[in-house]
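Have a look at the model first.

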Amino acid sequence: MSERAPLPTEMPATYDPQAIEQPLYRWWWQRGDFKPKIDEAKKPFVMSMPPPNVTGALHLGHAIVAAVQDALIRYHRMTGRPTLWVPGTDHAGIATQAVVERELAKEGLTRHDLGREKFLERVWQWKELYHQRITEQHYSLGVSCDWDRERFTMDSGLSQAVREAFVRLYEQDLIYRGEYLINWCPRCGTAISDLEVEHHDAAGNLWYVRYWTEEGDASLTVATTRPETILGDTAVAVHPEDERFASLIGRRLRLPIVGRLIPVVADEAVDREFGTGAVKVTPAHDPVDYGIAQRHGLPIINVMTDDMKMNDAAGVYAGQDRYECRANVVRDIEAQGDLIKIEPYQHAVGHCQRCATVVEPRISTQWFVRAGILAQPAIEAVREGRIRIVPERFTAIYYNWMENIHDWCISRQLWWGHRIPVWYCGECGETIVSRTDPSACPKCGSSHLTQDPDVLDTWFSSGLWPFSTLGWPEDTEDLRYFYPTSVLETAYDIIFFWVARMIMMGIHFTGQVPFDTVYLHGLVRNEQGDKISKSMEDAWRYDPIFIIKEYGLDPLRYTLLTGSTPGNDMRLAEARIEANRNFCNKIWQATRFVLGNLGDNPGQYASSGVLDTSTLEDATDRWIVSRYHGLVQDVTRLIDAYQLGEAGRQVYEFLWGDYCDWYIEMTKTRLRGEDASSAQAARRVLVYVLDGALRLLHPYMPFVTETLWQYLPHEGEALIVAQWPQVGAQDAEAAEQVEGLRELVRSIRNARTEHDVDPARRIAAIIAAGQRTAFLAAQSAVLANLARIAPEALSIGTQVSTVPERALSLVTADYEAFLPLESLVDVEKEKERLGRELANLDKELQRVTTLLANERFTAKAPADVVAREREKLTAYTEQRARLQGRLAEI
């Protein structure tokens, strides 16, 4: 264990994040600060890192996850709880396979050219490369997770967990294989879930096609956006209450260009307002139609192949691409005389989330989970309060989705992922579902076994993440102590993809909720509110590694944490990151000031985190300590309520405002004075409050705070494991007294600004202090220093017996102050200056007044020009009144 932080012996003059961040990160890691110690007497705080996909580099979305999670981890670590943050990465089946296939395409190859085994070797090479990059980026993001417990969704332990989960669900009849309508992506060549389909409005057409009755004595017209699917029609449906078609219900129609006879059925799923009110039913290629077919026992005819070409069921159109077929079908129907009309139509078209290809609903044999059964306990867990969703408004969205959940299609026609642990016997047809690879069929003994070629949906393994990463299905010490975990933090856009499935799986397999809180953060957008993507011209500006090199990690973390609220998107402006770097500079220089005023024995001021406030005599000491204690209370409450942004902003305002701009300035007269006892008290308070404020800021800015804390006299080895501050006594009287003093100082400063008083000029002041006289007299040196008053020209009394003839009068809640004008300005010169300003202003007023009195101008000039001149008239008039008031004062 390294005993001393890797910092220069002497504190550098300026803040340089590049010099401190990675050395400190390695130091914490080497010390073991990221690793919790199991203590059965304490309840641990546990988080599982949402595993980033091994598809490429991290982006700002990952940066905000890292910032929020690390802030919570550091906070709870400092409260003394054993704190575990489990890192890891996700194999991301469809996404990773897609990027590797794109790489192969650059070489003129497809995965089929390589074959399954060789292709998987290439994917594993990609995984190793990008896993290393992602890990190094996580180091740069300062995540204090336990790297010894890092997991990958396809490592041996998690692969065992996936098999165990699949087999158990199958044995419990919660997994089945069946034919069902699914979403098919022809580009990815696999089934995808409803959640992986994004709907975008697109301009298309409605083709109105006539269907004749079997006898040819009547017809009805249907409207369709996909004429090529007419080839798979098995009925036409109408609403049972639609009188227009009542006489046709039960009759048979002849399918255009195909000639197949299909029935007219009545079904309440029909939208009477769409098209003509009669709809074609294509069960193999539409989810609504599939439901109609199930209710009416209609046949299901699939007319497309996996790559969206027409199959043999399409007759003469077999082999054609779906869009080529569409054009030919329309041509042939028109030639037949049954194309009634074509109308432009705007409608939502489903696209694959991964590759943006238009998806095709189609009937397919897949593996499914009976999600409705698993969903019920997951709904009850949230309803009963065993799981809390932050922000609360997402709870209703969670209920709505879970209460209407469909069976979950978990098979994917991919090569990269967890192979489905099912084998089929070539001799007797037996289906074998096994935890281990079988060597022979248990029914007939044949060794002619073929494993199912499909892999599992990525979210199947991700749904096991909170407990599989801790050793499940084995009964490990980690699983017993660290599960259930505490908080699941992630983006709100994957609440259904991932969060709901973890809750379902966690309760089903462990009997416990996987976490007690779900914290949902928003998306990071650019300053204009646009979603940040790689296609943006300035996308490189939003690369977290670029930002860190430019400004440092702490300013970026603080910006992300304080610029967002739970569940809401944030706009990231570079100016805010720069401003927060300036905040780092501010507290850096404040610490240098404190260190420079501790004398020859700074160690005597080391803070233990506790201060006996009864020993504090000076009101300003009692005020800043009281303010700090109030801050501890508020920040702790806000973090516990997951209001991380407001908590961080309060620490900023306290340090920049109360501590740096006010208290440090207040102490300067005492530190330079002759009262050694008072100076020593100021030093003790300076260190105590700064030490505590750095602890409060540590979850937000871990590197600069650790550095500054190491230079301060302190107790303990590292801030990362220092105790979180405790709420101490608050002094209402001192707060009122000093707030009154600050209000008086602000009032005098404002008066100086209004009269353009040179900042270096010392002025005179006569102050009626009433019941605050004793206090203000004791703080006269502070007042004179802060308001730039000449000490010999400062008069403080209970009341003012004689008011100067020419003086500004300032009134605050506690004081009345008179500032003799002669001390503020040279009266004669000021009169001359004001006279010149009034003369110039009067000329402008005359010009504008004359211009606006000219009817030709107001009638013919552009409206915005006339409006600007009227605005000038108002502004000049107000300015003239102020100048006359100033003249009257002197």
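Arg 31 is buried at 8% relative accessible area (buried is under 20%, exposed over 50%, partly exposed in between, with a 1.4 Å probe and protein chains only). This is a predicted model, where local features need pLDDT of at least 70 and side-chain atom pairs count only at pLDDT 80 or more, while totals for chains, interfaces and linings use all residues. Residues are numbered from 1 along each chain as its sequence is written, and side-chain values use heavy atoms, leaving out hydrogens and water.

**Salt bridges**
- Arg 31 pairs up with Asp 33 at 2.7 Å, N to O (a salt bridge takes a side-chain nitrogen of Lys or Arg within 4 Å of a carboxyl oxygen of Asp or Glu).
- Asp 33 is buried too, with 8% relative accessibility.
- Arg 244 and Asp 242 form another salt bridge, with the closest N and O atoms 2.7 Å apart; here Arg 244 is exposed at 52%, but Asp 242 is buried at 5%.
- By this rule, the count comes to 61 salt bridges.

**A salt-bridge network**
- Lys 35 bridges to Asp 148, the closest N and O atoms being 3.0 Å apart.
- Lys 35 is partly exposed at 35%, and Asp 148 is exposed at 59%.
- Both belong to a network of salt bridges that links Lys 35, Asp 146, Asp 148, Arg 149 and Asp 478.

**Helix contact**
- Phe 583, Ile 587, Thr 591 and Val 594 in H17 meet Leu 686, Val 687, Leu 690 and Leu 697 in H20 (contact means heavy atoms within 4.5 Å; helices are DSSP runs of H or I, at least four residues, numbered from the N terminus).

Technical notes
Helices (H or I, at least four residues) and strands (E, at least two) are DSSP runs, numbered from the N terminus.
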